[in-house]
Amino acid sequence: MAAPNLAERKVCWAARDQMWKCLDDNDDKAAPCQNFRKELEAKCPAQWVKYFMKRRDFLKYKEKLQTEGFASADGPKETS
């Protein structure tokens with residue numbers, strides 16, 4: 001498969017942005033965003049769709065860590 005040209009990439013990115021906005025507006029519920037997902041899949045290569053969705057999950061996780069912090073799996077450290 002040939003790489004998308006500039007115009008195709010812009011259309012793909014716009015579809016991605018609409019999908020992400022829908023997910024943001026609906027508290028990450030996929031059901032209300034099915035039409036946007038279909039549009040994304042129609043306008044972008046399959047690997048890009050997979051990457052975009054993983055990227056969004058990562059960015060949400062990173063944002064959560066930055067705002068809420070994290071707890072060590074080992075529990076709190078004891079000082080001697």
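Predicted model: local features only at pLDDT ≥ 70, side-chain atom pairs only at ≥ 80, totals over all residues.

User: How many helices and strands does the chain have?

Analyst: Start with the rule: helices (H or I, at least four residues) and strands (E, at least two) are DSSP runs, numbered from the N terminus. Here there are three helices and zero strands. The order from the N terminus is α-α-α.

User: What share of the residues counts as buried?

Analyst: Buried means under 20% relative accessible area, exposed over 50%, and partly exposed in between (1.4 Å probe, protein chains only). In this chain of 80 residues, 20% count as buried. Areas come from the Shrake-Rupley method with a 1.4 Å probe; for residues, only the protein chains shown count as cover. The chain exposes about 6600 Å², and carbon and sulfur atoms supply 53% of that.

User: How do helix 2 and helix 3 cross?

Analyst: Axes are lines fitted to C-alpha atoms, for helices over the stretch in contact, and angles run from 0 to 180 degrees between N-to-C directions. The axes of helix 2 and helix 3 come within 8 Å and cross at roughly 135 degrees. That makes helix 2 oblique to helix 3. The classes are: under 35 degrees roughly parallel, over 145 roughly antiparallel, 65 to 115 roughly perpendicular, the rest oblique.

User: Which residues meet there?

Analyst: A contact means heavy atoms within 4.5 Å. Arg37, Leu40 and Glu41 of helix 2 meet Val49, Phe52 and Met53 of helix 3.

User: How many salt bridges does the structure hold?

Analyst: Side chains of opposite charge can pair when their charged atoms come close. The cut-off: a side-chain nitrogen of Lys or Arg within 4 Å of a carboxyl oxygen of Asp or Glu. The structure holds seven. One of them joins aspartate 24 and arginine 56, with the closest N and O atoms 2.4 Å apart. Aspartate 24 lies in helix 1 and arginine 56 in helix 3, so the pair ties together parts 32 residues apart in sequence.

User: Are the two partners, aspartate 24 and arginine 56, buried or partly exposed?

Analyst: Aspartate 24 is partly exposed at 41%, whereas arginine 56 is buried at 6%.

User: Which salt bridge do aspartate 24 and lysine 60 form, and what network includes them?

Analyst: Their side chains meet at 3.1 Å, N to O. This pair links helix 1 to helix 3, 36 residues apart. Shared partners join Asp24, Asp28, Arg56 and Lys60 into one network. Lysine 60 is partly exposed at 33%.

How values were computed:
Residues numbered from 1 in each chain as written. Heavy atoms only, no water.
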